[in-house]
Amino acid sequence: MTDTTSGLPGPEPLLSARGLRKAYGSTPALDGAGFTVDAGEIVAVMGPSGSGKSTLLHCLAGIVKPDEGTVRYAGRELSALGDAERSALRREEFGFVFQFGQLVPELTCLENVALPLRLAGARRRDAERRAAAWLERLEVTDSGPKRPGEISGGQGQRVAVARALVGEPRVVFADEPTGALDSLNGERVMRLLSAAARETRAAVVLVTHEARVAAYSDREIVVRDGRTTADLTAGAL
Amino acid sequence: MSIGHTLLGLLEAGPSHGYDLKREFDARFGQDRPLHYGQVYSTMARLLKHGLVEVEGVEPGEGPERKRYAITDAGLTDVAQWLRTPEKPEPYLQNTLYTKVVIALLTHRSAEAILDAQRSEHLRLMRELTRRKTEGDLVDQLICDHALFHLEADLRWLELTAARLDQLRTAVVVA
């Protein structure tokens with residue numbers, strides 16, 4: 001499907017949003033935000049706490065339905081999809097990394113990483129073989145047989161990145177992935193996440209308030225009061 | 001910090017004498033280093049020569065004649081251009097950035113746009129350093145990290161200022 005609304009030549013971005021509005025009760029979280037990311041591109045979403053960064057990420061990932069505006073992914077409009085289709089999209093084509101608390105505490109780290117593949121129907125041996133390769137890539141092979149409670153925060157985040165990438169998603173959504181880590185561990189997570197995303201040509205939507213984390217991106221957008229930079233700077237001077 | 005551009009920015013609010021300009025500059029920006037009279041007059045002579053200001057009137061007094069300066073159209077363009085151009089990212093930029101933000105508020109321009117342009121310029125350099133660091137050895141990493149932490153400190157100041165612009169606008173306009 002081609003983009004008939006912009007009239008611009010060239011391929012449609014992999015994921016785009018336009019005119020997003022979302023309010024929680026009487027509190028507006030997004031007020032006309034827009035966004036685009038191409039395949040293989042890393043875009044940082046910056047802005048102060050409460051500016052609407054995470055709501056934007058949730059709308060882009062189809063977790064939250066905007067009150068107004070559209071989100072398009074690979075030529076399809078997310079609002080036109082049913083709940084089951086949206087869940088399938090999130091499971092099969094998107095990967096998620098959050099600040100913490102995303103690993104299942106009862107499973108070993110290897111089983112955690114294999115989980116998305118198992119849910120998609122892969123056999124246990126095949127899923128765990130692929131999971132082990134991702135743990136190695138993220139330099140946490142030793143964590144494989146351990147449970148999340150037995151490893152450090154930095155190791156846990158690298159296991160979480162492995163889990164987000166194991167299904168080779170086309171888009172990785174990372175919400176403050178280094179927020180709970182010290183500088184050195186945060187750098188390591190970002191170095192490995194960005195390298196793996198570039199190798200697999202996954203797009204990354206990286207929500208962060210830290211400039212040193214945003215510096216791993218290809219470009220940044222800033223969210224302020226629910227609006228995004230393009231709207232903020234146009235003709236402002 | 002560019003004294004010439006700052007004085008021009010102050011003149012944008014209305015014509016003024018050199019002495020009053022110095023006093024306003026010192027009150028707003030000269031906390032540590034007030035301007036010398038010589039600096040003001042040499043700067044005004046340079047601005048005059050380049051057509052960025054003009055002498056609107058001369059008032060004879062007991063001492064030397066008092067010239068009243070006004071900004072020209074070329075001067076207005078020059079201030080706009082200065083405010084629009086982000087500074088080269090380097091440590092200890094706060095003075096210049098602070099000055100630009102205050103002048104933007106005084107002249108009813110968008111201070112947010114200045115901060116946004118500067119953030120983008122800082123991040124451009126931070127990306128370059130991050131790339132060098134990722135591809136380099138430990139020495140490269142340590143050298144790049146030093147620069148990255150300084151640039152990050154600038155950016156944190158910038159975000160804090162962006163969050164306090166409404167307060168600053170009130171303070172600046174009342175001052």
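Residues are numbered from 1 along each chain as its sequence is written, while chains are lettered from A and ligands numbered from 1 in the order in which they are written. Because the model is predicted, local features need pLDDT of at least 70 and side-chain atom pairs count only at pLDDT 80 or more, whereas totals for chains, interfaces and linings use all residues, and side-chain values use heavy atoms, with hydrogens and water left out.

**Exercise 1. Find where confidence in chain A is lowest and where it is highest.**

Step 1: Begin with the average, which for chain A is a pLDDT of 89, with 92% of the residues scoring at least 70; pLDDT is the predictor's confidence in each residue, from 0 to 100.
Step 2: Turn to the elements, where helix 8 (residues 229-233) of chain A has the lowest confidence, at a mean of 54, and strand 8 (residues 203-207) of chain A the highest, at 97. Helices (H or I, at least four residues) and strands (E, at least two) are DSSP runs, numbered from the N terminus.
Step 3: Look at residues 231-237 of chain A, over which pLDDT stays under 50 and for which the model has 15 contacts beyond four places in sequence, a contact being heavy atoms within 4.5 Å.

**Exercise 2. Describe how helix 5 of chain A packs with helix 6 of chain A.**

Step 1: Two packed helices are described by the angle between their axes and the distance between the axes.
Step 2: For helix 5 (residues 153-165) and helix 6 (residues 183-200) of chain A, the angle is about 15° and the axes lie 9 Å apart; axes are lines fitted to C-alpha atoms, for helices over the stretch in contact, and angles run from 0 to 180 degrees between N-to-C directions.
Step 3: Helix 5 and helix 6 of chain A are therefore roughly parallel, since angles under 35 degrees count as roughly parallel, over 145 as roughly antiparallel, 65 to 115 as roughly perpendicular and the rest as oblique.
Step 4: Name the residues in contact, among them A:Gly154, A:Val161 and A:Leu165 of helix 5 of chain A, and A:Asn185, A:Leu192 and A:Ala196 of helix 6 of chain A.
Step 5: Sort the residues of this contact into 6 nonpolar, 3 polar and 2 charged, where Ala, Val, Leu, Ile, Met, Phe, Trp, Tyr, Cys and Pro count as nonpolar, Asp, Glu, Lys and Arg as charged, and the others, Gly among them, as polar.

**Exercise 3. Characterise the contact between chain B and chain A.**

Step 1: The contact takes 20 residues from chain B and 20 residues from chain A.
Step 2: Together the chains bury about 1,700 Å², 62% of it on carbon and sulfur atoms; buried area is the accessible area (1.4 Å probe) that two parts lose on being put together, summed over both.
Step 3: On the chain B side, B:Asp116, B:Leu123 and B:Arg127 lose the most area to chain A, together 30% of what that side buries.
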